[in-house]
Amino acid sequence: MSSKSVPITLDDLETLAKENMPVASFGYISSGADAETTMQRNRAIYDELFIRPKVLIDVSEVTIGTTILGHNVDTPIGIAPTAFHGLAHEDGELATAKAAAESNICYCAATYSNYSMTEIMDEAKKHNDSPFLWFQLYVERDRATSEKLIKTCEKIGYKALVVTVDRPRLGRRVADARNHFKLPDHLKLGNFEERGTEDAYFTGEIDAALEWDDIVWIKSITTLPVILKGVFRHEDAKKAVECGVDAIIVSNHGGRQLDGCPSTLEVLPEIVDACKGTKVEVYVDGGIRRGTDVFKALALGARAVFIGRPIVWGLSYKGAQGAKFVLNNLAYDLRLAMALAGTRTLKEITTDFVKPASFYKFDKWLQSKI
């Protein structure tokens with residue numbers, strides 16, 4: 001695809017990013033752990049779930065607005081926390097914040113961003129009087145450092161704290177090893193100006209001893225809603241509910257941590273079931289590239305979905321404008337999928353709209369005729 005081409009799909013943006021970004025930077029964003037089985041399954045699994053459309057429904061008006069933790073958003077599509085947006089564009093997370101604020105959607109800023117949480121919030125406020133920003137936290141061995149981050153994000157107006165719990169150690173990133181990836185010298189760690197660019201994320205200051213009692217401790221030092229990112233089992237979701245968390249993001253870190261685990265879509269029903277009858281909202285990320293993907297995730301019980309890599313591809317294309325292209329593309333695609341499926345609001349997207357591909361196997365029907 002020529003760099004002068006106009007992208008139509010999110011896959012087009014990835015192709016352009018591969019052409020335009022340095023090899024090591026593109027590899028850092030695009031790659032998964034080990035054989036990348038889980039990363040690839042995150043995407044492929046959506047093709048194994050079919051939508052069953054209803055017909056003769058008035059879909060002249062389709063709305064995709066919803067609430068997340070009681071906050072009104074224009075779409076159920078949020079931006080997942082991903083590190084180092086400066087690899088894709090000089091404006092980095094500032095461009096992401098602008099796109100999210102103008103689109104009135106949720107943006108979860110990462111601990112390891114190239115701009116600080118304060119700079120990100122200040123930029124968002126230029127484009128939205130009440131931006132819906134969350135802050136993602138890696139809990140470090142030095143609890144004072146983590147507590148300072150928590151207190152700061154609460155003070156400056158972030159609306160929730162997202163604690164990543166699936167990264168006790170860094171997954172084996174083969175592409176990064178082959179490309180000798182390191183953060184370019186011109187980029188900084190926005191929330192840790194006193195550190196070098198090799199610290200924490202790569203060298204192990206994130207606490208591998210994190211336990212459930214630490215979640216209780218976090219709850220005790222903040223008034224912000226606490227969300228756990230990376231819960232992958234029914235019993236862990238139950239424990240999260242017992243600890244008083246406000247929401248769960250079903251995530252396998254974009255397939256960048258433990259390779260060989262299920263896709264997020266496959267795990268989603270298990271977590272939704274564990275949270276049934278509680279006030280805990282469930283979201284999902286990983287592999288979402290089309291409006292039909294969003295539809296399927298919502299049909300399986302997700303309150304909202306979050307996207308990571310596509311936003312970075314959008315930044316690489318045209319900064320904030322490119323990130324907004326991604327959000328607009330998915331929002332349009334979701335409205336279209338809803339209309340074609342016979343749904344007018346997100347509440348109408350229920351489990352009966354989807355069936356696994358195996359349900360439609362010809363051999364089952366043919367055998368019944370023998």
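Q: Which residues does Leu 87 touch, not counting residues up to four places away in sequence?
A: Leu 87 touches Met 21, Ser 25, Tyr 28, Ile 29, Asn 114, Phe 181, Leu 183, Pro 184 and Leu 187. Contact here means heavy atoms within 4.5 Å. Keep in mind that this is a predicted model, where local features need pLDDT of at least 70, side-chain atom pairs count only at pLDDT 80 or more, and totals for chains, interfaces and linings use all residues. Residues are numbered from 1 along each chain as its sequence is written, and side-chain values use heavy atoms, leaving out hydrogens and water.

Q: What makes a set of residues a nonpolar core, and which residues have the most contacts inside the largest one?
A: The set must be buried Ala, Val, Leu, Ile, Met, Phe, Trp, Tyr and Cys residues joined through side-chain atoms within 4.5 Å. Buried means under 20% relative accessible area, exposed over 50%, and partly exposed in between (1.4 Å probe, protein chains only). The largest core has 101 residues, and those with the most contacts inside it are Leu 87, Tyr 158, Leu 161, Ile 248, Leu 268 and Ile 271. Helix H12 (residues 309-341) gives the most to this core, with 13 residues. A second, separate core of 15 residues includes Cys 106, Trp 134, Ile 227 and Phe 306.

Q: Why are the buried residues of H8 said to be on the same side?
A: In helix H8 (residues 212-220), the buried ones are Asp 214, Ile 215 and Ile 218. They cover an arc of only 105 degrees around the axis, so they sit on the same side of H8. That arc is taken from the directions from the helix axis to the C-beta atoms. Exposed residues Asp 213 and Ser 220 are on the face turned away from the buried side. Helices (H or I, at least four residues) and strands (E, at least two) are DSSP runs, numbered from the N terminus. The cover over the buried residues of H8 includes strand E6 (133-137) and helix H6 (143-155).
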